[in-house]
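User: I would like to go through this model term by term. Please set each label against its definition.

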Amino acid sequence: MSTTGASADPLAALGSLPGVADSVESVRKSVDRVYGHRVMRRRSNEITSEAALRGARGTAALSGADWALEEVRRRSDFSGDGEARTMGAALRLTAEAGQLLSIWRQSPLRVLARLHLVAAAEGEERVGRPRQEGEPVDEPLIGLALPSAAEAHGRLEGLSELIIAGGSAPALVTAAVVHGELLALRPFTSHNGLIARTAERIVLVGSGLDPKSVCPAEVGHAELGRETYLEALEGYVSGTPEGVAAWIAHCGRAVGLGARESTAVCEALQRGAA
């Protein structure tokens, strides 16, 4: 979907699509439920750390490294096979996201380039910059047609301009569009899925919807399943109002499930302290 158009605030205009307002309200209630939990008032740092770990596990699962949470918690070396490297990249991105919040609104393209550098953890020429014409993209789990490098660059610039300009769009809508555009464009030669989900997290945290980063959408995306994820993404890429609304609703459900996960962590800590 092109995020440019006649509207002065095209992201805000998406908020009027059928069902989107309900998704926004549902997400707000889910987030408020976590933040209102008594454990959050005393142990929010623990909840944030646990949400980061679970979010990293979730995003890695969608990129082909579906590990048990305890295995992620136990391991310290992620330099082995492809799955281990994917998990390592997910953990690095989750840790890096919090350091980039202040830069995102001024220079989202700089943040995205940094995320690719962190994910790839290599010094080769293709790392840390958008792909060029003819360069292959290693993203085997996303089978959508790949836009040309020129189209990817143009739409990425347009998205960046919208983010810098700001606007009145709900955080969920902006996060879903950023996530969807990055998956559709795959602007880097690798790790686009991990980067897209990290960018979604940055928007949700930076917008103030989830300032302590305790509602990991990545958990929800993984719980909903890769097939459902890709089906919703196809709706977004179609550009139809119904498809875009369905993608935003899907992202809303993912945030809600992430909030539910952290609520369960709060409950477990409360029982342990009782």
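**Fold and burial**

Analyst: This is a predicted model. From the N terminus on, its elements run α-α-α-α-α-α-α-α-α-α-α-α-α. The secondary structure comes to 13 helices and zero strands.

User: What makes the protein as compact as a globular protein of that length?

Analyst: Set its radius of gyration against the globule rule. The rule gives 19 Å for 274 residues, and the protein has 18 Å. The two values are close, so the label holds. Along the principal axes, the C-alpha trace spans about 60 × 45 × 35 Å.

User: How much of the protein is buried?

Analyst: Buried means under 20% relative accessible area. Of the 274 residues, 52% are buried. The protein exposes about 12000 Å², with carbon and sulfur atoms supplying 50% of that area.

User: What share of the contacts with a separation of 6 or more joins residues 24 or more positions apart?

Analyst: A contact needs heavy atoms within 4.5 Å. Of the contacts with a separation of 6 or more, 71% come from residues 24 or more positions apart.

User: How do you know that the span of H9 is close to the expected one?

Analyst: H9 covers residues 171–185. At 1.5 Å a residue, 21 Å is expected, and H9 reaches 21 Å from its first C-alpha to its last. Arg 186 follows H9, with a positive phi near 45 degrees.

Key. Residues are numbered from 1 along each chain as its sequence is written. This is a predicted model: local features need pLDDT of at least 70, side-chain atom pairs count only at pLDDT 80 or more; totals for chains, interfaces and linings use all residues. Side-chain values use heavy atoms; hydrogens and water are left out. Helices (H or I, at least four residues) and strands (E, at least two) are DSSP runs, numbered from the N terminus. The radius of gyration is taken over C-alpha atoms; the globule rule is 2.2 Å times the number of residues to the power 0.38. Buried means under 20% relative accessible area, exposed over 50%, partly exposed in between (1.4 Å probe, protein chains only). Accessible areas come from the Shrake-Rupley method with a 1.4 Å probe; for residues, only the protein chains shown count as cover. The expected span of a helix is 1.5 Å times one less than its number of residues.
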